[in-house]
Amino acid sequence: MNSHTKRNVRKILSPIRRIGLKNKNFSIISNNCWGGIIYDVFGLQYKSPTIGCFILPKHYIKMIKNLHYYMNIDCKKLLFEDSSFQYDENLKNVPIGIIDDVEICFLHYSSIEEAINKWNRRKKRINWDNLLIKFSDQNGFSIEDYYEFKKIKSKKIFITANNELRKENDIIFIDKFESLGYAKDDIKPSFKLINLKKILNGLED
């Protein structure tokens, strides 16, 4: 099943999945596509700019530590050869943006113009009073990134398959990827481990 078909299936099932979801006006800031999938699952408008993109851990931590600041700065085009994404040649033709010193890989966009336009439009929808910050151990993550994330004073979720973090009491551990040492897929496996409706409804408490 391709991504377009999957999205259509989610759209059809979303009214059923919304049953019991009282909070429908939330914003999810995510280091990858995780948040966007949740909006699709429940058939809700994107109220976050972090849709269809991913941000490297150090850049992501920097952004969420000072989220208001970065959301008030224009996103600009960044050339691949000037970016931190040079480690992966497969990203050479993917649109890349930069907000001050935070780089964003717009993985699921056809052009940087489309990506920036949607980023700017969606960041205006952020509900600052109903916010969930999500992070996972992908794309060059280090243990230090987790401890920096712990300092963020927002309702948050951390997903990992790193054994060093298994005993932490505020994580979602994905056993499936334990041998890899990181959560290769943090979307579908984590949805089976957490009660999304309970978490989202709890944002309003």
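Predicted model: local features only at pLDDT ≥ 70, side-chain atom pairs only at ≥ 80, totals over all residues.
**Exercise 1. Strand pairing around Ile99**

Solution: 
- Step 1. Strand 3 covers residues 96-99 and pairs with strand 4 in the antiparallel sense, over four bridges.
- Step 2. As background, strands of a sheet pair through backbone hydrogen bonds, either parallel or antiparallel.

**Exercise 2. The setting of Tyr70**

Task: Decide whether Tyr70 is buried or exposed, and list which residues it touches beyond four places in sequence.

Solution: 
- Step 1. Tyr70 belongs to helix 4, residues 67-71.
- Step 2. Its relative accessibility is 5%. Buried means under 20%, so Tyr70 counts as buried.
- Step 3. Beyond four places in sequence, Tyr70 touches Lys62, Met63, Ile99, Asp100, Asp101 and Val102.
- Step 4. Asp100 is 30 residues from Tyr70 in sequence, yet the C-alpha to C-alpha separation is 7.5 Å.

**Exercise 3. The buried residues of helix 3**

Task: Name the buried residues of helix 3 and state what covers them.

Solution: 
- Step 1. Helix 3 spans residues 57-65, and its buried residues are Pro57, His59, Tyr60, Ile61, Met63 and Ile64.
- Step 2. The cover over these residues includes strand 1 (27-30), strand 4 (102-105) and strand 5 (131-136). It also includes helix 4, helix 5 (112-123) and helix 6 (143-150).
- Step 3. Tyr60 also takes part in a cluster linked by ring pairs, together with Phe135, Phe141, Tyr146, Tyr147, Phe149 and Phe158.

**Exercise 4. Two aromatic pairs**

Task: How many aromatic pairs does a search of the whole structure find? Classify the pair Phe26 and Tyr39, then the pair Phe106 and Trp119.

Solution: 
- Step 1. The search of the whole structure gives 15 aromatic pairs.
- Step 2. The ring centres of Phe26 and Tyr39 are 5.3 Å apart and the planes meet at 15°, so this pair is stacked.
- Step 3. Phe26 is in the loop between helix 1 (3-17) and strand 1, while Tyr39 is in helix 2 (residues 34-42); the two are 13 residues apart.
- Step 4. Phe26 is buried at a relative accessible area of 1%, and Tyr39 is buried at 1%.
- Step 5. For Phe106 and Trp119 the centres are 6.0 Å apart and the planes are at 80°, so the pair is edge-to-face.
- Step 6. Phe106 lies in the loop between strand 4 and helix 5, and Trp119 lies in helix 5, so the pair ties together parts that are 13 residues apart in sequence. Both residues are buried.

**Exercise 5. Thr160 and its surroundings**

Task: Which side chain forms a polar contact with the side chain of Thr160, and which backbone nitrogen does the Thr160 side chain reach?

Solution: 
- Step 1. Thr160 is in strand 6, residues 156-160.
- Step 2. With 0% relative accessibility, Thr160 counts as buried.
- Step 3. Its side chain makes a polar contact of 2.7 Å with the side chain of Asp137.
- Step 4. The side chain of Thr160 also reaches the backbone nitrogen of Asn162, at 2.9 Å.
- Step 5. Setting aside neighbours within four places in sequence, the contacts of Thr160 are Asp137, Leu165, Ile171, Ile172, Phe173, Ile174 and Ala183.
- Step 6. Phe173, one of these contacts, has the charged end of Arg166 over its ring, 3.9 Å from the centre.

Technical notes. Residues numbered from 1 in each chain as written. Heavy atoms only, no water. Buried < 20%, exposed > 50% of the residue type's maximum accessible area, 1.4 Å probe, protein only. Contact = heavy atoms within 4.5 Å. Polar contact = N/O pair within 3.5 Å; in protein donor to acceptor, adjacent residues only side chain to side chain. Phe/Tyr/Trp six-rings, centres within 6.5 Å; stacked < 30°, edge-to-face > 60°. Lys NZ or Arg CZ within 6 Å of the ring centre and 35° of its normal. Pairing = 2+ DSSP bridges.
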